[in-house]
Amino acid sequence: FRTIIEPFRIHSVEPLRMTTRAEREVAVAKAGYNLFQVDAQDVLIDLLTDSGTGAMSRDQWAAIQRGDESYAGSPSYFRFRDAVRALFPFEHVIPTHQGRAAEKIIFGVLGGPGKLVPNNTHFDTTRANVEFTGAEAVDLVIAEGRDPRSQHPFKGNMDVEALQALLAERADDVPVVFMTITNNSGGGQPVSLANLRAVREVCDRYGKLLFLDACRFAENAWFIHEREDGQAGREVADIVHDIASLADGMTMSAKKDPMGNIGGWLAMNDDELASQCRSLLILTEGFPTYGGLAGRDLEALAQGLTEAVDHDYLRYRITSTAYLGDALQRVGMPILSPTGGHAVYLDARALLPHIDPLHYPGQALAIALYEAGGVRSCEIGTVMFGRRPDGSEVPAPLDLVRLAIPRRTYTQSHIDYVIEVCEQVVAAAGDLRGYRIIDEPPALRHFTATFEPL
Ligand code: F0G
């Protein structure tokens, strides 16, 4: 059959609040034209992020009842640890309350002034945590990964030659090499097994640790299953094993593929490194068998991990994201292609060539989608990246708007509605106007800045 159905039926429902265009225009003006400042109850379809916003399964809710809240040595921790190890067989598994807490700890140990961390592309919190220690964060994604139209099947791959060249020059300053799977900041694009093997070889040559930022590991493994030679007949769980076996450790946000509303972890093989990380964990997160989470959260994640690698789920997940991407291209919305795993990225600069990048075409498109249909998205462009530390502005390399798809949350008719909203906005694109910032904080301005239409 052509139709890939949702491989679940609905067990508990949440009402959506309908609003009129006039109500949304008032709400977004009151929010200073910043979608982070709009109340969630004024949003109809919330595509701001896929992080912590997915629906848990019946079996996850059942597992929550089994949560054991012992401070130390809870059986819920051991179930969580074993579920992580079933996919990522690392010696030490250290829970954290979310991904950035794991990043703060690992870079707290490995970072510092003069150090340099290569990554295919750092996610914003990863970059911020590297830089917070005084170290430098370097992105080395392949050239195709920076081209919104390149059809390369693994646009998240690391430029292995660039990594080799960097290590040849600065090996002593590099404490660890990171690979982000999938590459969120680069459009949710996957990394191939072959590329991970090549990166491993370079790391071995220089005696460097290789860590995964593995938030969307299952989606990445599905792309390997679909696109890489010789992988089609394999279990996704085995592909994940192969990925893990190439690394020395990982940071994780369990709010993505592990189907949690909260959670994360840090895992590694090295005993001494783990002991240093646990010491920092106790300072900020908690005792090493709960790390900022309740026992019930650990149970929900242990169950969620078994669901994340289910083939029917992953086929539906990746196909339904591509369904949105394909339909948007048909209605004339330029997008970053091929479509990634967790989101569709709209190319606002291509849709709105009449809006100067310094008047934020991504912001204009995101606000238009909200006003037209109550669809909340996220600008990833000059608002997010355009301000330099001295306060001056430069256009970001791309002005994108991300439609991130929460896991198992919206049905195909919700997505068909999003497509219609986009179609309406495309038809009126010539009338959209840019924005001006009237108030902004010195850093991370996209969360709180206020805007006015030009
Ligand atoms: N790494 C990647 C690749 C991410 O996408 C995120 C979060 C993190 C680390 C941090 O994890 O949020 O649990 O602290 N990404 C979310 C997003 C916020 O919307 O893309 P966290």
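# Questions and answers on this structure

Visitor: What pLDDT do local features need here?
Guide: Residues are numbered from 1 along each chain as its sequence is written. This is a predicted model: totals for chains, interfaces and linings use all residues, side-chain atom pairs count only at pLDDT 80 or more, and local features need a pLDDT of at least 70.

Visitor: How many residues does domain 2 give to its contact with domain 1?
Guide: An automatic or database assignment sets the domain bounds. Domain 1 covers 21-50 + 311-453, and domain 2 covers 58-308. Their centres, taken over C-alpha atoms, are 27 Å apart. Contact means C-beta atoms, placed from the backbone, within 7 Å; domain 1 gives 18 residues, and the count from domain 2 is 18.

Visitor: Which element gives the most to the side of domain 1 that touches domain 2?
Guide: Two elements give two or more residues to that side of domain 1: helix H12 (311-330) and strand E9 (343-347). With five residues, the one that gives the most is H12.

Visitor: Which residues touch the most other members of the largest nonpolar core?
Guide: A residue is buried if 20 or more other C-beta atoms lie within 10 Å of its own, exposed if 12 or fewer, and partly exposed in between; C-beta atoms are placed from the backbone. A nonpolar core joins buried Ala, Val, Leu, Ile, Met, Phe, Trp, Tyr and Cys residues through C-beta atoms within 7 Å. The largest core has 79 residues, and those touching the most other members are Val240 and Ala267. This core lies between the domains, because residues come from both domain 1 and domain 2.

Visitor: How many residues are in the second, separate core?
Guide: Stay with Ala267 for a moment: its contacts beyond four places in sequence include Val84, Phe88 and Met250. The second core is separate, and Val28, Tyr33, Ala368 and Val418 are among its members. Its number of residues is 51.

Visitor: Is Tyr33 buried or exposed?
Guide: Tyr33 sits in the loop between helix H1 (21-30) and strand E1 (45-46). Its phi is positive, about 55°, although Tyr33 is not a glycine. Most residues other than glycine have a negative phi. Because 25 C-beta neighbours lie inside 10 Å, Tyr33 counts as buried.

Visitor: What is the phi of Tyr360?
Guide: Tyr360 is in the loop between helix H13 (348-351) and helix H14 (361-373). It has 31 C-beta neighbours inside 10 Å, so Tyr360 counts as buried. Tyr360 is not a glycine, yet its phi is positive, near 60°.

Visitor: How far apart in space are Pro361 and Val401?
Guide: Pro361 belongs to helix H14. It is buried, because 31 other C-beta atoms lie within 10 Å. Beyond four places in sequence, Pro361 touches residues including Ala348, Leu352 and Gly434. Pro361 and Val401 are 40 residues apart in sequence, and their C-alpha to C-alpha distance is 9.2 Å.

Visitor: What is the omega of the peptide bond from Ser337 to Pro338?
Guide: Pro338 lies in the loop between H12 and E9. The peptide bond from Ser337 to Pro338 is cis, with omega near -5°.

Methods:
Two residues are in contact if their C-beta atoms, placed from the backbone, lie within 7 Å. Helices (H or I, at least four residues) and strands (E, at least two) are DSSP runs, numbered from the N terminus.
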